[in-house]
Amino acid sequence: MIKRTRKKRTQESKKHIGQVPGTLIYTGKKSDKDFHVECFDYTKEHIEESILLNIEDAVNYKETDSVTWINVDGLKHTDKIEDIGKQYNLHPLVLEDIVNTSQRPKIDEYDDYLFVVLKMLYYNKEENIVIEQVSFVLGKNYVLTFQESEGDVFGTIRERLRLNNGRIRGMKSDYLLYALVDAVVDNYFGIIETLGNKIEDLETELFTGYAREDINIEVQQLKREILKVRRAIFPLREIINRIEKGDHPLIYKRTITYYRDIYDHLIQVSENIDIYREMIWSLMDMYMTTISNKMNEVMKVLTIIATIFIPLTFIAGIYGMNFDHIPELHYKYSYFILWGIMILLFLAMLYYFKRKKWL
Amino acid sequence: MIKRTRKKRTQESKKHIGQVPGTLIYTGKKSDKDFHVECFDYTKEHIEESILLNIEDAVNYKETDSVTWINVDGLKHTDKIEDIGKQYNLHPLVLEDIVNTSQRPKIDEYDDYLFVVLKMLYYNKEENIVIEQVSFVLGKNYVLTFQESEGDVFGTIRERLRLNNGRIRGMKSDYLLYALVDAVVDNYFGIIETLGNKIEDLETELFTGYAREDINIEVQQLKREILKVRRAIFPLREIINRIEKGDHPLIYKRTITYYRDIYDHLIQVSENIDIYREMIWSLMDMYMTTISNKMNEVMKVLTIIATIFIPLTFIAGIYGMNFDHIPELHYKYSYFILWGIMILLFLAMLYYFKRKKWL
Amino acid sequence: MIKRTRKKRTQESKKHIGQVPGTLIYTGKKSDKDFHVECFDYTKEHIEESILLNIEDAVNYKETDSVTWINVDGLKHTDKIEDIGKQYNLHPLVLEDIVNTSQRPKIDEYDDYLFVVLKMLYYNKEENIVIEQVSFVLGKNYVLTFQESEGDVFGTIRERLRLNNGRIRGMKSDYLLYALVDAVVDNYFGIIETLGNKIEDLETELFTGYAREDINIEVQQLKREILKVRRAIFPLREIINRIEKGDHPLIYKRTITYYRDIYDHLIQVSENIDIYREMIWSLMDMYMTTISNKMNEVMKVLTIIATIFIPLTFIAGIYGMNFDHIPELHYKYSYFILWGIMILLFLAMLYYFKRKKWL
Amino acid sequence: MIKRTRKKRTQESKKHIGQVPGTLIYTGKKSDKDFHVECFDYTKEHIEESILLNIEDAVNYKETDSVTWINVDGLKHTDKIEDIGKQYNLHPLVLEDIVNTSQRPKIDEYDDYLFVVLKMLYYNKEENIVIEQVSFVLGKNYVLTFQESEGDVFGTIRERLRLNNGRIRGMKSDYLLYALVDAVVDNYFGIIETLGNKIEDLETELFTGYAREDINIEVQQLKREILKVRRAIFPLREIINRIEKGDHPLIYKRTITYYRDIYDHLIQVSENIDIYREMIWSLMDMYMTTISNKMNEVMKVLTIIATIFIPLTFIAGIYGMNFDHIPELHYKYSYFILWGIMILLFLAMLYYFKRKKWL
Amino acid sequence: MIKRTRKKRTQESKKHIGQVPGTLIYTGKKSDKDFHVECFDYTKEHIEESILLNIEDAVNYKETDSVTWINVDGLKHTDKIEDIGKQYNLHPLVLEDIVNTSQRPKIDEYDDYLFVVLKMLYYNKEENIVIEQVSFVLGKNYVLTFQESEGDVFGTIRERLRLNNGRIRGMKSDYLLYALVDAVVDNYFGIIETLGNKIEDLETELFTGYAREDINIEVQQLKREILKVRRAIFPLREIINRIEKGDHPLIYKRTITYYRDIYDHLIQVSENIDIYREMIWSLMDMYMTTISNKMNEVMKVLTIIATIFIPLTFIAGIYGMNFDHIPELHYKYSYFILWGIMILLFLAMLYYFKRKKWL
């Protein structure tokens, strides 16, 4: 499953090679989801929520004093994305990056807006990690967000806006950006937790000593998953750091503390990922040790049986020979004496193995 | 055991996802310990020790010239923590961090106070490491400490305050913070020592060559424990470094030397942890070598026995055949000659194995 | 194949040792391709495309206001390269670097031009990676490019120049350099994709459990290929970074954004290469595990068979002995009783192996 | 042995936990060596060497123009150390560090003196490395040195002082400190050499192919020894670097060149240690390979013997059966024909093993 | 061989321990080569080449306007080295470093001269790497070079000086130093090539699958050789970097470009060494895999033979028993029926192994 999606992505991204820079090519899955633009416009006192059917309406919110959040779902309609881009004066490379969903998380600072690309992570029904790109444009009084498809982690933000919950309605667009990024980062904790549980399950299985033989395939897949998450999350630290440190006029000083909070969360997530990576390596180690131990045990059983019975079989073989003159064959008790010798040999062997701690 | 607690923690921390920033949610164990506030107020000349039943009393100590140490045990009463926060003008994110016990050690500098989060480490009765978060707020004339539950490493500090022992009573709040952090760090040495002893025990077992088969599980658990301690201790170096370097007005120049001393201790602890990590890897190596050596020994025993007796058994088989015409069967001494040949063969084999150093 | 080419290269480069610095020695393959100089001279309004038969003509384009791109294919004609070098006042070390095809990617800043060396990567017909060096000289109104042989990744650039497609015709020589470097970097994505597919194929083979025995040779070759690509691509990041950061007068401010875009692409390529490296290591791990697992399985089969039949054979041997007095031999049912005992033993063994999960 | 001393040390250092900072607690071995203070006072022209029986006399040398070296052996007399500390105005933490022999090498700069802690390394009679702490206090006209017990590496310095050998008598206290530190560092070369010889011996043993079975224990112990030396030596580089770079008024410019020389030596020692570490890892690798090779050889012998004789034994078994109708049994030459077949089979097997290169 | 030389070196360098700093002690091999001083004195127009029999003559060239290159072969005549040192005002530590041939490559900047220590590398007749130290002193109008023994890589430089080839005669002493260092670095490419070929040979042997059993010893020796080369070459990068960056008055601006060229070459050499290191590790991996694969094959042969014949032998044993009542023995065709059963069993086994892909 994981491999399929990756293959898809690289094939799509191939179409991009050799194009004129600034050409808009959507590199995600051509899902049949419709294009969908929702809009929140609010001040401390009032809020207006609407679905924009006509994209040209978006520009109305650009110069108002109220804070506007325009959320675009569905990136395959590159022409409409381009329309919005023109209305908000976005650089062609920004638009290219919005629709190129194989983009690495990054931040680009322009004179009158900030452009941020992040990754949202979900577990789908088959328990595989799905990565969805979400782009943010922070302007003086607006935040634009672009998502590949409907369904996101911004539900609580919408609630807080509607209910005037917390301080969000009283703050500027930079706080809205913070709240949105914070929602994305908070969601990472859930992913991290699921990864942790998976590692624990594998560990328990290995600790019990009778792991399935194909457990190493699962360990490898988990390793890959962690690699994937790591790659989606790690660049974010640098991004938040640049928002926090960089003196961009759109980020007010009082919001910086909040971004520092996101940064702390990211460090925590990153540390967990690194610990999981180390644990995965330990799991592989344990698995190899388990195999070695099992092989050792198998070898011991074989050696004990062979070492006991091969000499005894030899003795029996001796007296199965048909020589005319084998004196022992004719004594009356020699059969019973032989049994005695063989039992003694057997016990000596057992004692030897006990002392070697093989039994 | 280790795994249980971790699972608990992540489940609790999950409740946090998607909350309004600044909401106080206690993420530790809902222990039934009561809420408990103790207060030391002292100058060089006098000292007053009290239990604050009414949290509103705390504010009385805020503006006095004497140094005040208010120690809060029990974080589940988030409303009371919030009360204290309001009296001392703490930022909402600070309060959130105090009760979120899965916090990474960190320092936040605010205009009129310093906020520090550390981890205290204990071994509980089951010999497992328990991590308890302790938060410090250093103000102009006060230090607030917040602990998850009763029982801490500050016993000697209380004694020194009461007995006017050493220079503590004659110094400002920055020295009190130093003394408290120093007590936490000093306690790490004990943890480090226990880890060292555990490693030594495993090592001795492995050096003797007959280690238990499940010793690798113990090695893995020790590895995890070191990882845990490392994660709790390592961020501290940066924190102390920032206190030492950072020109915060609340830290007087003459106290800096003392913080440098803590820093040296932390470097020492960190070095030990890193050496232990390397030693653990060596242990795993040794264990693998031990398994390989044992398997080698098992194989040798099998090979010696099989190599000696399989050819002899073949010979015996030959003369057990029922052909009408086997001339050797009818000579009078052939049975004894055969014994001679077999004994010679046996000795030749032994000599061969001796020369190969298998015996 | 890979090894052959490498050997060739080092032998050629040997000729270089101990030469006077600034001596032009071509270190590539002495291919019989002809020398070939093509020239594009354009402004926003007009474009002139020509093949320069006479190298002295190149100098005509040097001082014009229009942007000139002179592309030289075939480096073995070192005398002609030297001619061009003199006309454009290139430093002797620059010319030496142009023809020394074992050069590492690098950038050298001179007062009135920038010198950049890159590597183009192709897969040849035998599915091996071929590295071709391409050097760029960026002057005030011109870009010179030097390639080892015909065939390159600049086809789309030529088209865009001819068709006045995109913004290329309206920009200066620094944008032309960007477009050319961008074409080289875009081409890396294809290489990366092929590498990714190769890894996936090996992985699938290993996951199925019955990989060919020589798969580790393929894994090693892939490892080497990645090493090779890494070495060709990684220095580029630093180069682009220096163009972006360095305040060279030939790079206009508005072009910087475009170079930043290349930088982002390079980071993405580099990350992929590093992930592939890690995946290759995992593959080796998996292969070793697979071998161990197979050996384990083989051992189990041997042990089960031997452990069941060796004792039974011993019993049969006992009653094949020729002692005069073996009472059991004469009871009527003892043969059938023996069969019963042997079948019981057989079943007991089977039960034992089932419980040990060897079956 | 190694483990014993470490255990001792941590137990002693435990006593330190929770003490008032600045309390003097000796953490070394309570050896019965006496306290011993020797004193050199010299200018270019004269020198005075004495044993100080009365510690109060030390202060007499403090304010003279001549250079004074006071060397204290025996740290368990903490009261006397405290006396000296008071006379020379040493900070309480400095005195604490002098007697705490588990101190990491470090440098502390105070206003009117420099405090340096180093480690001297010896091999004792049992060929184990012993680490002895030596502390230096460099003042305007004096150097104080504190050693755990008598016996040091300063013999040549004493000689050079007495004989007015080299430039030492004509220089200030900063050169004396250099000479003493240089003596400590020079001594490291001997340790490094012994380690190198040990590694070589193990290597030779492994190269010959018949290493003792417990050689991996020795390899592990050597690894630990290198870890120990590394930990004692590595922090020194930073210390010397700070002396060289740091603009401390007590270090004159013309002495800096000499400290740079020490720094070069340290880099050389450090590089050797790192090379030894890498070599030790190679040794472990070689050991594992040796084990695998031996096991392979053992398996081959077993397989050859079993593969040859098991089929032959089967054939013999066939004609040992007691069926009434086995036609072959009654032909006159069948016994000899059978021998022929068995010898052919035997030779065929040998040929097969030769071709497989097992023989 | 390698080990011998190392032992020698450390023993010699031991004599150095505890000496007065600035004492000249030759630590190389006491070869019987004579002391030999050659001298080149040149301007653009004329050149004078001579052998200096009288060392005092060297000083004549010090203050002339022409560039002088004095090359000293044979370092054991420490008194003569000291003479030269005095004439050119060299610091005692410089002289000590010149004769101490276990010096690490380094650069020391003095007020009126630059001191550089490098390593020349050769392969001797036994195909072992020999390291020879060469020291350079760059003064205003002169370059002094000191070599352990005759024979060097400066042949082409001498030719270029004599023939007035290239720009060397028209430049200052800083260009002469560049030319000499460049000759040393160019020579590294040959060493690197030989290492590359050795790795390739081992690789080819391993790829074929039937490598000699002692190939791992060769791999280890190659690993050591690379370590040795690495240690001699890597510090050079830093040295050249300091010449290039450092604003020393003796290095003219126009020569800097040439030093940058050396730096590029060094980076290329260093990269190759690192790639070789990685390849060596891969070789070890491949060797281990090869061993595992062989063992697997051995085990399979054993298992197939044993699994087929042990049950058959058991059946034969059954009918070799001497019970009075074994009904099967007396049926006429039972012998032939038994053969049928055994052949069926045999074929079933073969089919089973085929399906398991063991055959």
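## A residue to start with

Is Ile226(E) buried or exposed? With a relative accessibility of 2%, Ile226(E) counts as buried, where buried means under 20% relative accessible area, exposed means over 50%, and partly exposed is in between (1.4 Å probe, protein chains only).

Before going on, a word on what you are looking at. This is a predicted model, in which local features need pLDDT of at least 70 and side-chain atom pairs count only at pLDDT 80 or more, while totals for chains, interfaces and linings use all residues. Residues are numbered from 1 along each chain as its sequence is written, chains are lettered from A and ligands numbered from 1 in the order in which they are written, and side-chain values use heavy atoms, with hydrogens and water left out.

## Around Ile226(E)

Ile226(E) sits in helix α6 of chain E, residues 215–245. Helices here are DSSP runs (H or I, at least four residues; strands are E, at least two), numbered from the N terminus.

Setting aside neighbours within four places in sequence, Ile226(E) is in contact with Leu195(E), Ile199(E), Ile273(E), Tyr276(E), Arg277(E) and Ile280(E); contact means heavy atoms within 4.5 Å. Asp274(E) is 48 residues away from Ile226(E) in sequence, yet the two C-alpha atoms are 8.9 Å apart in space.

## Two helix pairs

Two packed helices are described by the angle between their axes and the distance between the axes. Take chain E: the axes of α5 (residues 173–208) and α7 (residues 253–318) come within 10 Å and cross at roughly 15°. The axes are lines fitted to C-alpha atoms, for helices over the stretch in contact, and angles run from 0 to 180 degrees between N-to-C directions. So α5(E) and α7(E) are roughly parallel to each other (under 35 degrees is roughly parallel, over 145 roughly antiparallel, 65 to 115 roughly perpendicular and the rest oblique). Their contact involves 25 nonpolar, six polar and five charged residues. In this count, Ala, Val, Leu, Ile, Met, Phe, Trp, Tyr, Cys and Pro are nonpolar, Asp, Glu, Lys and Arg are charged, and the others, Gly among them, are polar.

Over in chain A, helix α6 (residues 215–245) and helix α7 (residues 253–318) have axes that come within 9 Å and cross at roughly 160°. That makes α6(A) roughly antiparallel to α7(A). Sorted by class, their contact has 23 nonpolar, four polar and seven charged residues.

## How the chains are arranged

Two copies of a chain are related by a rotation about an axis and a shift along it.

Chain A and chain E do not touch, and their nearest C-alpha atoms are 9 Å apart. Chain B and chain E do not touch either, with nearest C-alpha atoms 9 Å apart.

Asn89(D) has a phi near 55°, a positive value in a residue other than glycine. Asn89(D) lies in the loop between α2 (78–87) and α3 (92–99) of chain D, and is exposed, with a relative accessible area of 53%.

Now for chain E: Asn89(E) has a positive phi of about 55°, although it is not a glycine. Asn89(E) is found in the loop between α2 (78–87) and α3 (92–99) of chain E, and counts as exposed at 54% relative accessibility.
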